[in-house]
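Here are my notebook entries from a browse through this model.

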Amino acid sequence: MLDATIATEPAQEKPASGKPEKPASEKRKSRAEPNPPPVDLRDPSLYINRELSNIEFNRRVLHEAQADHPLLERVKFLAIFHANMDEFFMVRVSGLKQQFKLGVTATAPDGLLPREQLANVHRTLTQLFAESNAIWREQLHPQLSEANVHVLRYEELSKGQRNKLRAYFEREIFPVLTPLASDPTRPFPHISNLSLNLAVQLRDPRTGDLHFARVKVPPSLPRLVPLKRFDPDQLSTPAVQKFVWLEEVIAANLDRLFLGMTVVSSYPFRVTRNSDMELQEEEADDLLLMMEDNLRQRHFGSVVRLEIDQNMPPDVRDILMSNLEVGSYDVYTTDGPLGLSSLWELHRLERPELKDRPFTPRTPPSLQNVPGGVFAVLRQREILLHHPYDSFSPVVNLLETAAEDPDVLAIKMTLYRVGSNPPVVAALKKARLNNKQVAVVVELKARFDEETNIHWAQDLESAGVHVAYGLIGLKTHCKVTLIIRRERDGIRRYVHLSSGNYNSTTARLYTDTGFMSRDEELGADAGDLFNFLTGYSRQEDFRKFLVAPVSIRRKLLEFIKRETALGPKGRIIIKCNSLVDGETIRNLYRASQAGVKVDLIIRGICCLRPGIPGVSDNIQVISIVSRFLEHSRIYYFHNDGDPCLYMGSADLMPRNLDRRVEVLFPISDPDMLRDVVENVLAVCLRDTAKSHILQSDGRYIPRRYLLDGDGPLFDSQRWFLNQGVARDMDE
């Protein structure tokens, strides 16, 4: 039996105020006092705004650019922050703006109107973008120079370098450029989403008239132009790497684009458009064709952000604002390069001393060189993989083995984000070539992966695979593989279930759990699920699966209420990406009021306010942001010593619980369950190096700041890397 106090905090922490806390046992006793004062659990003050919580997560990402990572990894975090902010504007800000324009007066659970949220977002991000620019300008940029990675401004180049860049411009950049004038006979050009541009002021020397033109910086060319070919010093010193911004090379050579005109000035600007597609699935005759059409329309969404250089004069800014139809709240000025997501280019440099040490994911011994292969292993035991520490190759091997095995009759699989050149797709095509029945549910509506998924859907169809596109009104987000095999004792079903995508690239970057089993009930549930996804089944009850939108919400609430009834003997640990759902939050508040100890490991958005006396003072929320993206979803309920634990694809958001097909599956074996609790959940809760504690006011404080003493910090991800502990029943 697992003790109800398992996975508690390992170190005495001091509160943000710095005052000493009561001992944990005394604190739990006082928190369990009966008859708490009545509280309206729908009170908006009990909820953190979703958008502001999202921004706080990205603040934590940004601060990793200042943390103790190798230099190019810190540059990577800065690039990730800016890429995340691009998506935030394309989806979340655009949604708020649409609500505001439609006059929506309904408030969020935290009580904020759309216009109030937009104002808060603008105020917070103005400060955060300034901090980001300062991190680049004052820390990363000079530290890169010290490491012989020089990102230079054009004015820093020598005359010889400029002359050679002029020849490079003529040869490789000039042919790609298309200057677009704007005047009464030529309308203002369309500015594509996330494009970097130059606003150019020109003067006609004959008339003295001032003109405006736009030049798009080609996204097909490297944003950072390497100077190696133009710099003899760098050729003789290969360890020195120099770059210059592409837009500055173009700006310095604009005279070649506007012959006979005088270039007065040029200023970079960048546009972000609404990219959250509205789908009328019920009216579509062909979902794939509808998605292709919507992808084309995405380029023409309304502008939700205009980024400009701080030196841009008011008259040029006004031209852009007027033609792009944006207000002052949509404009963000920048003291430095725009679009720093391009810094990913630096992370690709071959400078291993400036990056994380590579690691080799581990393959469990039970899956290494086993006579009879993976199916023989699964006939004896279940396998649990903890990625990226455990290799993704056993998952690929399972599919490749199934594709070649003459006894395998059929393979069914869901695909959400598989990336480029996915080995799982190659295995599915091979299986079809070997005359297996192969059925795949490809989710075409996976945001910003729609085009890739359309490609793989068409590729699989051309190979003879049965491809379905999911259900109207629902995204198929679950990660399920079902393999049907003929064996001596009859037809057997094997499953692979996961919290992560079937993507061999992200499997090395995200923390996820994967589970392989020959359990008959899990196999039968997987079969029923695919009938639900590809046919007209309206299955609502499953043997072991919890499936959204039919049962996950109901069952999780039942589990929380069961712990609430146990009072101080109750114990809940939840690890997921986001906690937004109001009904779930209210039930967690009730559990806390009853004395249940609740630990929430929420990487990203969390709308629950912990630490409110009489409401959530038994709830702790931590967020871990580190080398790998925390992505696994694990739900643990102590159940008075008879614990239950579920894993899978679902977060605690209305979209996951009500508008997606999600699967949570149980871990039934007591030893495996204990392993997950003690060697995954408890380890995450012990983290003092990369965890942040959510305060009741919505701020996150690094946990290390709350510790007494200066002892060594515990890094959970480093522990996982160093341990290499197998997650299977062999050990």
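Which residue of β6 does V149 stand opposite? I looked it up: V149 faces Q241 in β6.

**Ground rules.** I am working with a predicted model, where local features need pLDDT of at least 70, side-chain atom pairs count only at pLDDT 80 or more, and totals for chains, interfaces and linings use all residues. Residues are numbered from 1 along each chain as its sequence is written, and side-chain values use heavy atoms, with hydrogens and water left out.

**Entry: the open sheet.** I kept to DSSP runs for naming, numbered from the N terminus: helices are H or I of at least four residues, strands are E of at least two. I found an open sheet of 3 strands, ordered β1-β6-β5, with mixed pairing. Two strands pair here if DSSP finds at least two bridges between them. I noted β1 (149-152) and β5 (224-226) at the edges; each has a single partner strand, so one side of each lacks a neighbour in the sheet. The twist averages 30° from one strand to the next. I then checked β1 against β6 (residues 241-245) and found them parallel, paired over 4 bridges. Helix α4 packs on this sheet and touches β1 and β6, and its direction makes about 130° with that of β1. For that angle, axes are lines fitted to C-alpha atoms, for helices over the stretch in contact, and angles run from 0 to 180 degrees between N-to-C directions. Contact, here and below, means heavy atoms within 4.5 Å.

**Entry: helix α3.** I followed α3 over residues 71-101, which is 31 residues. Its first and last C-alpha atoms are 44 Å apart, close to the 45 Å expected at 1.5 Å a residue; the expected span is 1.5 Å times one less than the number of residues. I spotted a bend of about 35° at F89, taken as the angle between axes fitted to the seven residues ending there and the seven starting there. Of the 31 residues of α3, 22 are buried, so the helix is largely enclosed by the rest of the structure. Buried means under 20% relative accessible area, exposed over 50%, and partly exposed in between (1.4 Å probe, protein chains only). Just after α3, G103 takes a positive phi of about 75°.

**Entry: T107.** I found T107 in the loop between α3 and α4 (114-146). T107 is partly exposed, at 44% relative accessibility. Not counting residues up to four places away in sequence, T107 touches L112 and L113.

**Entry: strand β23.** Which way do the side chains of β23 (residues 634-637) point? I634 and Y636 go one way, Y635 and F637 the other, and all are buried. I saw β23 run antiparallel to β19 (residues 571-576), joined by 4 bridges, with K575 opposite I634. Another 4 bridges join β23 to β24 (residues 644-648), also antiparallel, and M647 is the bridge partner of I634 there. The hairpin of β23 and β24 has 6 residues between the strands, and N639 in it takes a positive phi near 55°.
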